[in-house]
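Please walk through the model below with the structure open beside the text.

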Amino acid sequence: MRRGACLLAAGLMTMSGCGLTSGSPMADDVEPGTIGRGEPLKGARLTVTSKEFTEQLILGAIMGIAFQAAGADVLDRTGIQGSIGSREAVKKGDADAQFEYTGTGWITYLGNSRPIPDPEKQWAAVRDADARNGLTWLPPARLNNTYALAMNQANFRKYATRTLSQVAALAAKDPGAVTLCVESEFANRADGLPGLEKAYGMSVPARNVTQMDTGIIYTQVAKGKCTYGEVFTTDGRIKSMNLVVMEDDKKFFPNYNAAPVVNTKVLKRWPAIASVIEPVTRKLDNSVAQTLNGKVDVDGQDPHQVALDWMKQEGFVK
């Protein structure tokens, strides 16, 4: 799962084993727009980090650009493999801030097995628990990079399902109609297909489930090779392939809302970090993420440039 940590063995590895590098200075020629006025971070030397996948690279760049507009000198340490490396960097002070996901914090880092269905309560629980680790979780975005099932337009017109409850009803009425393309991990995780079937009272025969790599799922669903495919809700291919995402009406899947996480000591020294990043976080939702991710994964654009263009487009920076 791309939000997850390095393999458990990574706990025995050094930071460099999870991909931490020395980084390079961000040198965007930006000025305050609607954020950063008065340059409240002038004099600060801040290091931003992220994991290695597209959305994280974009979010890391967005954070760094915001800090630059507020007057900070920013070191770019984005693109660390897995999750442990970037989190440990912020905890230990090798980096100062990153965007992280509430579900990852609650389940992967803090060791809880049951997610909290309400996204605000999930964030608050992570914030309170992680405070003991010297990390401050700032208010989350609506951007929720969680699991979903999606279908193409032709199958949507044919079966007209909009929710996972309707998918379960279709599976009961016409078992052959519900075929799934999923990752092998999703097929076996408690918060994947087995748990989904249990939560919705759904039974999909094994012969109707095909396991494959993530990227292939999107193309197979778009072609109609399977009725439904496992997707991530902020993936740019959802919009580019015009897929229809099923609503998780029973709130089974964990919430993975993106939120800024800052080393608490750094935040106490530079409290303006919170006010600088808050308007940007508030603007991020699944539609924005799908568009930005698509510019990279579908159109082949550079993640940092995509982030910079969006920050200027929204008027956050000039």
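In this predicted model, the buried residues of α9 are covered by several elements, including β6, β7 (180–182), β9 (228–232) and α10 (236–240). Which residues of α9 are buried? Helix α9 spans residues 214–223, and within this helix I217, Y218 and V221 are buried. Viewed down the axis of α9, these buried residues fall within an arc of 95°, so they line one face of the helix. Directly after α9 comes G224, which takes a positive phi of about 80°.

Leaving aside neighbours within four places in sequence, N152 is in contact with V221, A222, K223, G224 and L243. Is N152 itself buried or exposed? N152 counts as buried because its relative accessibility is 8%, and the cut-off for buried is under 20%. The side chain of N152 also has a polar atom 3.3 Å from the backbone nitrogen of A154.

The model has a count of 1 disulfide, and the bond joins C181 to C226, with an S to S distance of 2.1 Å. The pair links distant parts of the chain: C181 belongs to strand β7, while C226 lies in the loop between α9 and β9, and the two are 45 residues apart. Strand β7 and strand β9 are both among the elements that cover the buried residues of α9. Both C181 and C226 are buried. The torsion about the S-S bond of C181 and C226 is about -125°, so the disulfide is left-handed.

Strand β6 leads on to the largest pocket. This pocket has a volume of about 810 Å³. Which residues are closest to its centre? Of the 31 residues that line the largest pocket, the closest to the centre are N144, D248, F253, P254 and N255. The elements that give two or more residues to the lining are α4 (119–130) and β6.

Key. Residues are numbered from 1 along each chain as its sequence is written. This is a predicted model: local features need pLDDT of at least 70, side-chain atom pairs count only at pLDDT 80 or more; totals for chains, interfaces and linings use all residues. Side-chain values use heavy atoms; hydrogens and water are left out. Buried means under 20% relative accessible area, exposed over 50%, partly exposed in between (1.4 Å probe, protein chains only). A polar contact is a pair of N or O atoms within 3.5 Å; within protein, one must be able to donate a hydrogen and the other to accept it, and residues adjacent in sequence count only if both atoms are side-chain atoms. Contact means heavy atoms within 4.5 Å. Helices (H or I, at least four residues) and strands (E, at least two) are DSSP runs, numbered from the N terminus. The arc is that of the directions from the helix axis to the C-beta atoms. A disulfide is a pair of cysteine sulfur atoms within 2.5 Å. On a 1 Å grid over the protein atoms alone, a cavity is a set of points where a 1.4 Å probe fits but cannot get out, and a pocket is an open set with protein on both sides within 12 Å along at least five of seven lines; lining residues have an atom within 4 Å of a point. Grid points are joined across faces, edges and corners, and a volume is the space filled by probe spheres set on the points.
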